[in-house]
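Open the model in your viewer and follow the stops below. Each one says what to select and what is there.

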Amino acid sequence: MDYPQQQLEELKRYCTKLMAFPEGGVTYFYLEELRLPAACVPTVCDALLCPVPRDGYPSRLFLSVRVSSPYPRNWNVTNARIAERNWFAFSWKVDLPNLTLAQLLIAHLNALVKEK
Amino acid sequence: MSLENIEPSQDAQAGAVPPGNEWNPNGGELVQGEIDIGAYAERGHEVPHARCYVVRIDCETVRVTTAHPTGEALLAKVDKRPCAFELIEEFVHCENNVVESGETVDLRKRGLKGFITAHKEIVTIFINGDPHPIERGERTVAQILTKVGESPEGYILLEEKDGPPLPLPVGTPVKICGCETFHSLVQTGGSS
């Protein structure tokens, strides 16, 4: 699926390097040194945004580490192997349609700083 | 310190006639190259027309190339903005006057020796591009969202600070100093 250049530019602001790559019929966005919300430890980590359905979720955000955040999350993916790296993900369902890539990323990141 | 900051030269002192002075071809008036308004104020002299005015703002000395800058332009000379700071004219006889951000200042005003700045108590923040007044200090996410008629139940508050907009933790106070840029985004998502 092609995304408008403007959406990619917006997403680029959140990381030092943005790269799209296909794997297993899915296009992932690799975000190097993604900035995490305040109160998260670490403050940056690498991430993979999967903007299409996977594992029963409409979209997923994989992180290179298990992030410590103000509210505990259910980290139900540990060491998922994608692009020859291990990734972690917490259970979070973003079900609002028609979000831009950056809005989708924000919706996932917001899970780290909201209670429920 | 502003890149344009300078120490006043000997020529900038009141009474001196620095090189670079010229006659105004329209008014037949002598236009000085550079003058220090503070020095003229201390002597009680009228500030002449000049191509450049040396002005003290707080502890800094800056150059201004118009006799009628706005308060905002003067604040910018010391890397400050009216959303957080106010500019105050200082006169020789201990008289002070607050300059509104859009107000034009007359640098040739008799007795004007310079300016000081002060942090505002009611500052301006920007939410979704619009300015909103708010008291300086620690505020909750809910208090900020209220400014745009929204609440944390329905909206995420994002702050744009040295980078892209990132969601703010709902339970953590947000420090407001003035000029902060926020965005709101409809809440979506939940644990599954």
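Predicted model: local features only at pLDDT ≥ 70, side-chain atom pairs only at ≥ 80, totals over all residues.

Start with the largest pocket, at about 380 Å³. Select Ala38(A), Glu159(B), Lys161(B), Leu168(B) and Pro169(B): of its 19 lining residues, these are the closest to the centre. The lining divides into 12 nonpolar, two polar and five charged residues. E12 and strand E13 (174-176) of chain B each supply at least two of the lining residues.

Five strands of chain B form an open sheet in the order E9-E8-E14-E11-E12, with mixed pairing. From one strand to the next, the twist averages 40°.

Now show E11 (155-160) and E14 (181-186) of chain B. These strands run antiparallel and are joined by six bridges. Pick Leu158(B); its bridge partner in E14(B) is His183(B).

Next, select helix H2 (101-110) of chain A. The helix lies across E11, E12 and E14 of chain B, at about 35° to E12(B). Nine of the 10 residues of H2(A) are buried, so the helix is largely enclosed by the rest of the structure. Among the buried ones are Leu104(A), Ile106(A) and His108(A).

Stay on Leu104(A) for the last stop. Together with Pro51(A), Leu96(A), Asn98(A) and Leu99(A), Leu104(A) lies nearest the centre of the second largest pocket, which 16 residues line. Its volume is about 260 Å³. Here the lining divides into 11 nonpolar, four polar and one charged.

Definitions and conventions. Residues numbered from 1 in each chain as written. Chains lettered and ligands numbered in written order. Heavy atoms only, no water. Pairing = 2+ DSSP bridges. Helix = DSSP H or I, 4+ residues; strand = E, 2+ residues; numbered from the N terminus. Axes fitted to C-alpha atoms, helices over the stretch in contact; angles between N-to-C directions. Contact = heavy atoms within 4.5 Å. Buried < 20%, exposed > 50% of the residue type's maximum accessible area, 1.4 Å probe, protein only. 1 Å grid on protein atoms, 1.4 Å probe; cavity = no way out; pocket = protein on both sides within 12 Å on 5 of 7 lines; lining within 4 Å. Points joined across faces, edges and corners; volume = space filled by probe spheres on them. Nonpolar A, V, L, I, M, F, W, Y, C, P; charged D, E, K, R; others polar.
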